[in-house]
Amino acid sequence: MITIYTEEEISYIRASAKLVANTLNFIETQVKPGVSTLFLDKIAEDFIRSNNAIPAFLGYGGSRNPYPATLCISINEEVVHGIPGARYLKDGDIVGIDCGTILNGFYGDHAKTFFVGSVSESNKKLVEKTKESLDIGISMAIDGNHVNDIGAAIQSFIESNGYSVVRDLVGHGVGKKLHEDPPVPNYGKKGVGPVLREGMVLAIEPMINMGTWRVKVLRDGWTIVTADKKNSAHFEHTVLVRKDKAEILSQA
Ligand code: MF3
Ligand code: CO
């Protein structure tokens, strides 16, 4: 079942998503060579808690192997869900940082890929095209379109640029929970999937690889890496479906 949120509920989701955007803007100022991913995680958690919110990813996934951190920090060939730790950013890395918050019971979810120092032209282009593909996907999130119109637009743009779309992970509804219906794939056929209606809230999150779309999971049970070790980029926004133009909720 896909929830249609009321304007009041939407204002709560907007506040949570805005806090995630503010958190990522703050973290961005600390992204530089030599900084540990654990440090970034610590200051993100402090920032979120000092804004009366809770990190949404911390403890996610139940008792078997709960996600242990506030941020997902995924470097180079890591696609998503990289666990912060004693690893240091270095010049030339691209680093995807994903963050979620719970504020007044409502979730926001947002990710960006940053440059560490000066990165190669090919990495720059991968990141820029991934960002552009998210914008294209968002432009499809309007009343009357089908869910898969989003992925179809992302996939055709990405593949025409010579990159590939990860299949194993998808976007999702978001609001009262982190992951709600519907799944929002970043690939697929136009005209397929549930019809979008004003008031639905989606986390659209293309994961784009330089080489093969195939991925695997590391032994930690979380970190997703590309099967060919080539680099990957990730952007995500919490987006509200509207009649004529989607509203990006995860902005400062
Ligand atoms: N944005 C990601 C997602 O929607 C991050 C989840 S990390 C997790 O799946 F730990 F919460 F799973
Ligand atoms: Co998400």
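Asn52 sits in the loop that runs between α2 (37–50) and β1 (54–55), where helices (H or I, at least four residues) and strands (E, at least two) are DSSP runs numbered from the N terminus. Its phi is near 60°, a positive value in a residue other than glycine, and Asn52 is exposed, with a relative accessible area of 69%; exposed means over 50%, buried under 20% and partly exposed in between, for a 1.4 Å probe and protein chains only. This is a predicted model, in which local features need pLDDT of at least 70 and side-chain atom pairs count only at pLDDT 80 or more, while totals for chains, interfaces and linings use all residues. Residues are numbered from 1 along each chain as its sequence is written, chains are lettered from A and ligands numbered from 1 in the order in which they are written, and side-chain values use heavy atoms, with hydrogens and water left out.

Asn104, in the loop between β4 (94–103) and β5 (106–115), also has a positive phi, of about 50°, although it is not a glycine, and at 55% relative accessibility Asn104 counts as exposed.

Another backbone feature is the cis peptide bond that joins Asp181 and Pro182, with omega about -5°; Pro182 is part of strand β8 (residues 180–184).

The largest pocket has a volume of about 260 Å³, and of the 17 residues that line this pocket, His81, Asp98, Leu178, His179 and Glu205 are the closest to its centre. On a 1 Å grid over the protein atoms alone, a pocket is an open set of points where a 1.4 Å probe fits, with protein on both sides within 12 Å along at least five of seven lines, and lining residues have an atom within 4 Å of a point.

Conventions. Grid points are joined across faces, edges and corners, and a volume is the space filled by probe spheres set on the points.
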